[in-house]
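Here is a short briefing for a first look at this model. Keep the sequence and the 3D view open while reading.

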Amino acid sequence: MRLLNTHSLKLKSFFGDDIPPYAILSHTWGKTDDEVTFQEMMAEDRSVAKGKAGYKKIRGACQYAQKYMFEWIWIDSCCINKESSAELSEAINSMYAYYEDAQVCYVYLEEAVCSEDIRDEGSGFRHCKWFTRGWTLQELLAPSYVVFLDQDWEMIGTRYSLADVISGITSIPVSVFKDGDFDRFSVAQKMSWASMRQTTRPEDQAYCLLGIFGVSMPPIYGEGGARAFIRLQQEIINISDDRSIFAWVAPYGKKDSRGLFARSPFEFRMSGEVKASEADDIGDTSFSFGNNGLRIHLPLVPIEPVSVVVSETAKTQRPSYPVGTIFSAPLRCCSERGPETCFAVYLQKVAGERYVRCRPDELAIIPAASRQPDICQVVVKENAGIPRKVKNDRKVTRLSIRNTAPDVFLRDSHLDYRISTISDPDEAQGMKETLVKINWPKSNAIQENRVLKYQCLKSHEFFHIYLGFNCTGDSLRFASRQWYFEPTNWSDDSCWDWMEWHLEDAGLVSVTYHMTGDQTLRIFELRYVAPDKAKTSSISGPLEPFRLGFMVPSMIRESRIVTNIYTRERYSNSQMSSRRTSLASSTQTRPMWICLPSGKGSGSASSPTLHPLTLLPGTQLRCVFMSVIGFHESTAWMDIVVSTDSPKLLWESYCDKGSRAPTRIQCSPDATLSLLTKFTGNVKERSSLQLGSHVLSVNYFMAW
């Protein structure tokens, strides 16, 4: 690979074991002409490069990496010779490994500011373009350590410290950012993480996922996004027998017959709950792709009565169904919402043993079948997958403890016998940095050793920072507590690199674990957050993953527009958590859908959700009404009203002491309102895969 020297800004090639420790930059490209290319960085006269906006970004990345003693950095815009098709192909197939092997990944977010409350719905961080791009998904998942930087190259936080926020933005479970293990998730779930991301070139929607699924294939720009994505799925089934790869839903209204492969990641947008197939319950799990289609063993259940012909062969009493028969074919993939349901595709017989997938815009939800004992064929996998790399600190012999606020924190005590201070004549004079030597224990257990005792000069509180050795996982661990006699709570999260806690009326303390360009050295950075800025901390409350309870149409027939949505979070102090999601492809003119976060049990007495709709049934008459939906205990209900009250007052009228509380308690799934226009509505439990557990439908009929 080719690396950029952070001091001289010169490129150098390395191979195999000669590759030095390096940092890596993740960013979003501006205009293509603004990014510095390999040729421009290799030119003796860099006047062209220096005149581009991207050059400032390269210098900023190098200067930040120098702070942590990195001599080398990899930046995609200038470290790849894109004029060489062979080098470009190698880079695309190696990209995941580049990020995985990096000591640290710096994510530069031009739209973010570290001083803002990133958990606020309108923060620049939560609306960064970086979270919408296809290539940045692997850049988020592959590295062991990820640090997010704002537009001024100030640290916002680490992937670990911002796990709840990133999960809320990306729909990737928090556990992935805590332990780094995403191989336990199904193919469909990983595809769903990429479903709403975009790439400049359509083929890159497939190529950017190669490393996540552990496969390789040559890029062929010009083949089209659908062909590239089908090739990706063919590579995946060569190493995986997870049938969730077939658990996708075509865009709304696309009913033409298809094969079993999806045509883009977008078709997995609803598959975040689809677990991996249970191989022991299927029998023969092998399938292969040939010139006549995909060969696979599936149970077939006709969904409507048909006349059958029973074979007279003595050995097989197998019914023969006529051409055109439609079957439900269970995939044996259960839902994360409950093991009692699983998913099935619809197949239609076209000739002999040949079938097509019909109704591709539906993925049926069926009861999980009872498991019957079968004689199973044993299959030995040739390639069970290459294990992901994990954190390893065994080479670390020195630890630099940096106090970035010496006017706030005063070190009060010496170190433990196993961690000794390296002589530093300036340390006693109040230096910000203390360098200590680490001696790894030989036993295979987490052993704790008191590192430093600090006192806050503002509140006069004492606190301790502890360091542990996890010898079984080859990693350093750290913890904090206020008093010496308190138990130490070690985290089991292998990606733990940050902790934060409150001081009494004096702000916050945070400790961040930093990687460096020296593999024998790590840095603990002690930071202080003033009380007026403490609201940006995760201590204010972690963001919960979205629980989408209702699928709501944003339009009723043509040009009947939904104007707004009001959830209980709008009238409380909790974070605003409603999400409006477009599920229509960019080339589609079908109605958009809106997802509301009202899960079962969460909307009993205090959380009806108002869904105001503005209809224009005529050129002169304007009619405004509201549909109100929610859960009472575990039952969905709805109502339709016309009211001059504000949305907040109307919402309160359905709460326990409100005049409309009986309507909510009666839990009627149907509602009718008759004016000059008759409005009818219904909320019912889903029958096919949707993002929500219930679906709302609203219709109107003109009275003249």
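Glu 273 is buried, at 9% relative accessibility, because the cut-off for buried is under 20%. This is a predicted model.

**Salt bridges**

- Glu 273 sits in the loop between α12 and β8, and Arg 337 in the loop between β13 (326-335) and β14 (338-351), so the pair ties together parts that are 64 residues apart in sequence.
- Arg 337 is partly exposed, with a relative accessible area of 41%.
- Lys 255 forms a salt bridge with Asp 361, with the closest N and O atoms 2.9 Å apart.
- Lys 255 lies in the loop between α12 (225-237) and β8 (287-290), while Asp 361 lies in the loop between β15 (354-358) and β16 (364-367), so this pair links parts 106 residues apart in sequence.
- Asp 361 is buried, with a relative accessible area of 14%.
- Asp 181 pairs with Arg 184 in a salt bridge, the closest N and O atoms being 3.4 Å apart.
- Asp 181 is partly exposed at 32% relative accessibility, and Arg 184 is partly exposed at 41%.
- The count comes to 15 salt bridges.

**The seven-stranded sheet**

- Seven strands form an open sheet with mixed pairing, in the order β2-β1-β4-β3-β5-β6-β7.
- β2 (11-13) and β7 (155-158) stand at the edges with a single partner strand each, so one side of each has no neighbour in the sheet.
- Neighbouring strands are turned by 30 degrees against each other on average, direction ignored.
- Helix α5 (residues 85-101) packs on the sheet and touches β1 (2-5), β3, β4 and β5.
- The direction of α5 makes about 110 degrees with that of β3.

**Strand β3 within the sheet**

- Both faces of β3 (residues 23-26) are covered.
- Ala 23 and Leu 25 are buried on one side, and Ile 24 and Ser 26 are buried on the other.
- β3 runs parallel to β5 (residues 104-108), joined by four bridges.
- Ser 26 stands opposite Val 107 in β5.
- β3 also runs parallel to β4 (residues 72-74), joined by two bridges.
- Ala 23 stands opposite Ile 73 in β4.

**Helix α3**

- The 15 residues of α3 (residues 53-67) should span 21 Å at 1.5 Å a residue, and the end C-alpha atoms are 22 Å apart, which agrees.
- Its buried residues include Tyr 55, Ile 58, Cys 62 and Tyr 64.
- Met 69 follows α3 and has a positive phi, near 65 degrees.

**Nonpolar cores**

- The largest nonpolar core has 145 residues.
- Leu 4, Trp 74, Tyr 106 and Phe 148 touch the most other members of that core.
- Apart from it lies another core of 15 residues, among them Ile 629, Ala 636, Val 683 and Tyr 700.

- Ser 400 lies in strand β17 (residues 398-403) and is buried, with a relative accessible area of 0%.
- Beyond its neighbours within four places in sequence, the contacts of Ser 400 include Glu 433, Leu 435, Arg 522 and Phe 524.
- Ser 643 is in the loop between β32 (635-641) and α13 (647-652) and is partly exposed at 26% relative accessibility.
- Ser 643 touches Leu 650 and Arg 660, not counting residues up to four places away in sequence.

How values were computed: Residues numbered from 1 in each chain as written. Predicted model: local features only at pLDDT ≥ 70, side-chain atom pairs only at ≥ 80, totals over all residues. Heavy atoms only, no water. Core = buried A, V, L, I, M, F, W, Y, C linked by side-chain atoms within 4.5 Å. Buried < 20%, exposed > 50% of the residue type's maximum accessible area, 1.4 Å probe, protein only. Expected span 1.5 Å × (residues − 1). Pairing = 2+ DSSP bridges. Contact = heavy atoms within 4.5 Å. Axes fitted to C-alpha atoms, helices over the stretch in contact; angles between N-to-C directions. Salt bridge = Lys/Arg side-chain N within 4 Å of Asp/Glu carboxyl O.
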